[in-house]
Amino acid sequence: MRDYIKRVLIALIMALCVSLLFLGGKHSEASMKVTKEIKNGWIWPTDGIISDTYGTRLGKHKGIDIAGKLNTPVLAVADGQVVKSYFSNTYGNVVFIKHPSHFVTVYAHLNKRTVFEGQNIKQGTVIGKMGRTGQATGTHLHFETHQQEWRFDKKFALDPEMLLGKVDTGEIVQGGIAGINDDVLEASSHVRPRKEDQMKEGKKQYIVKQGDTLYDISKKSKITVTRIKELNHLSSDLIKPKQILTVK
Ligand SMILES: [Zn+2]
């Protein structure tokens, strides 16, 4: 009997811990904002190889580095407004975008900037070309995510992997792809808020299945491979399962 009571007590304590964790998460404004942004389906800003992650260099690296070819297009990860576009000695050519949720994203070391301050842009808009301007040792995009405005002390910086998905140094990412894990991607494709807008614009999406090639998808959706690549800013024929492609 005592054994039974002990077991019930342990179960109760565990249930309490779990519910506290859950409530704690639910009431945190930050985590709610992150969840909301995940539902908006952020895309990777460019093609390349992850060359450094968030929190390295004794915690001073407040962004993620994607190394790639000079002049690779750099895309806006979500809809928003360009709040800054200028040259800085450290960031080089840099663009800041403010998103409707007040998140701010930063795209640094660009070779060229192709947007102007005040411009409203859509997710996937090319905002510049990859470069190595400012304090950069090689051609790469330094990408930052802030939960609120950018500050000199980067107080509101957040690991971009929380919105784009977990990656490791050396991993290849592709611009235009929602890089979040399967569960989240599944969820985000159900609640994709701009679905109606996309229907209005006549946009159609296709989720890549295991074994699909661009050629298969072009047959199915009755458009050319070249058009699919154009629509999705793809620089190669490489696609992967669960990738969301615009096909119209
Ligand atoms: Zn960096």
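The structure is a predicted model, in which local features need pLDDT of at least 70, side-chain atom pairs count only at pLDDT 80 or more, and totals for chains, interfaces and linings use all residues. Residues are numbered from 1 along each chain as its sequence is written.

The protein contains seven helices and 14 strands; helices (H or I, at least four residues) and strands (E, at least two) are DSSP runs, numbered from the N terminus. Of its 248 residues, 31% count as buried, that is, with 20 or more other C-beta atoms within 10 Å of their own, the C-beta atoms being placed from the backbone. Among contacts with a separation of 6 or more, 64% are between residues 24 or more positions apart; a contact requires C-beta atoms, placed from the backbone, within 7 Å.

Strands of a sheet pair through backbone hydrogen bonds, either parallel or antiparallel. Two strands count as paired if DSSP finds at least two bridges between them.

| Strands | Sense | Bridges |
|---|---|---|
| Strand 4 (residues 80-88) and strand 8 (residues 120-121) | antiparallel | two bridges |
| Strand 4 and strand 5 (residues 92-98) | antiparallel | seven bridges |
| Strand 7 and strand 9 (residues 126-129) | antiparallel | two bridges |

Strand 4 is joined to strand 5 by a hairpin of three residues. Towards strand 8, Gln81 has Asn120 as its bridge partner.

An open sheet is formed by three strands in the order 3-9-7, with antiparallel pairing. Its edge strands, strand 3 (73-75) and strand 7 (112-113), each pair on one side only. Arg113 stands opposite Gly128 in strand 9.

Notes
Buried ≥ 20, exposed ≤ 12 C-beta atoms within 10 Å, placed from the backbone. Contact = placed C-beta atoms within 7 Å.
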